[in-house]
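Notebook open, model loaded. I jot down what I look up, in the order I get to it.

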Amino acid sequence: MTTTEISAAFTQHYGAAPDLLVRAPGRINLIGEHTDYNDGLVLPAAIDREIRFALRLNGTDRVRLTATDLHDTYEVAVADIKPLPGGHWANYQLGVVAGLLRAGVAVPGFDCAFGGDVPGGAGLSSSAAVECGIAWGLCELLHADLDRMKLAHIAQKAEHEYAKVMCGLMDQFASLFGRAGHVVELDCRSLEYCYFPFDTDDCRIVLCNSGVKHALADSEYNTRRHECARGVEILQKHNPAIKSLRDATLPEIEAAKDELGEVIARRCRYVVEENQRVIDFTKQLAEHNSLSKVGELLYASHAGLRDDYQVSCPELDTLVELSRQAPGCYGARMMGGGFGGCTLNLVATAEVKNFLTHMKQGYHDQLGLKLDTYVTTLADGVGEIFE
Ligand code: GAF
């Protein structure tokens, strides 16, 4: 849905024009997967796929929401907000309102129509975009002075408490802190961050959407978190300085491998190696800019996610294998939580067209599936839309 369409839907439903239009982008992540909730490093960016909101305070005590893409509405009194069962789409907004109230922002009734072009279930964090857009938009309308990091935490908590996914901070951070033409490294422990220009004259970030989202994605995500926490408990017995997997080393994991058991040892090993890959990746970006070197890191990340962290699926593996023979492709890996969604591919700008043809044909030939692709542009984080 375009901004004009969302604005028109707002006026039709609520009988007046909106006071504020907001855009909140989806995200990609170059490298650093499943490291955010382990106090580790991530390297995401906001992209030119976004959720757009039309907003206005309505002078009542009621929150009224219209999901324009779903042709559905939801209404509740602010005082009655609680998590809705059955994965209801309104949970993301309601969770944010609950978080703002807890942070001392007196949220009154408001009207909101929203929609956009972040494909759902593609691992591009449409849910984080919804959370961050409503959080920022309400603060604008209410002149509430919460900084963006605080908003990211409120949005993350909404995901925990209302969507019941125990996510890390990466997706919300990327949607709020994106900068056009840049990727941003976040240290999820210190919350320090650093922007790196990403030059698209040479290379584009291309997403290949496997078109699958396995039902177990959310439950397996929470399981991985528990496995990592269990790993830390065991490693701590040997070295009390280990507060999270960020602090562990490969020799320490090797030494404790009998106690950890095979599965947890693999999870721990993957996280430690992936953190190192983020360091190696940003070093390349800052110093050498060798695309084939960063491409190798992407393939290594995928292998770890597939074999040790075990969050890939046959469709994603097929796409990554196809990319190896694709024209102009430096590297590829599955992206996001896993069990479906997109692969991220680094592709020489001059070869993007040939790359897409190769991938679409190969995916169809091997799995009989249609492949949607997105050639992304790196965008600014959440902000107002000026028409
Ligand atoms: C999902 C989560 F929401 C993020 O916090 C992150 O853990 C990611 O999976 C995996 O890197 O997108």
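Predicted model: local features only at pLDDT ≥ 70, side-chain atom pairs only at ≥ 80, totals over all residues.

My cut-offs, with C-beta atoms placed from the backbone: buried is 20 or more other C-beta atoms within 10 Å of a residue's own, exposed is 12 or fewer, and partly exposed is in between. Numbering runs from 1 along each chain as its sequence is written.

His 71 sits in the loop between β4 and β5. I use DSSP runs, numbered from the N terminus: helices are H or I with at least four residues, strands are E with at least two. Phi of His 71 is positive, about 50 degrees, although the residue is not a glycine. Most residues other than glycine have a negative phi.

Next, the hairpin itself. β4 and β5 form it with 4 residues between them. Strand β4 (residues 62-67) pairs with β5 in the antiparallel sense, over 6 bridges; I call two strands paired if DSSP finds at least two bridges between them. Arg 64 has Glu 75 in β5 as its bridge partner. How many of the 6 residues of β5 (residues 72-77) are buried? The count is 0, so I noted the strand as hardly covered, going by the cut-off of 20 or more C-beta atoms.

I then checked β3 (residues 44-57), and that strand is mostly covered, with 11 of its 14 residues buried. Strand β1 (residues 20-29) runs antiparallel to β3, joined by 9 bridges. Val 22 stands opposite Phe 53 in β3. β3 also pairs with strand β6 (residues 110-116), again antiparallel, over 7 bridges. There, Ile 51 has Gly 116 in β6 as its bridge partner.

Another positive phi turned up at Asp 39, near 65 degrees, and this residue is not a glycine either. Asp 39 lies in the loop between β1 and β2 (41-42). Buried or exposed, or in between? Asp 39 counts as partly exposed because it has 19 C-beta neighbours inside 10 Å.

On to the ligand. I listed the residues around it: Glu 33, His 34, Asp 36, Tyr 37, Ser 125, Cys 167, Gly 168, Met 170, Asp 171, Gly 336 and Gly 337. To be listed, a residue needs its C-beta atom, placed from the backbone, within 6 Å of the molecule. The shell divides into 3 nonpolar, 5 polar and 3 charged residues. For that tally, Ala, Val, Leu, Ile, Met, Phe, Trp, Tyr, Cys and Pro are nonpolar, Asp, Glu, Lys and Arg are charged, and the others, Gly among them, are polar.

Residues 97-179 are 55% helix and 8% strand, with end C-alpha atoms 26 Å apart. Residues 285-348 are 50% helix and 23% strand, with end C-alpha atoms 16 Å apart.

Last stop, Tyr 330, in strand β10 (residues 329-334). Tyr 330 counts as buried because it has 21 C-beta neighbours inside 10 Å. Leaving out residues up to four places away in sequence, Tyr 330 touches Cys 203, Leu 291, Ser 292, Val 294, Gly 295 and Leu 346. I take contact as C-beta atoms, placed from the backbone, within 7 Å.

Conventions: Contact = placed C-beta atoms within 7 Å.
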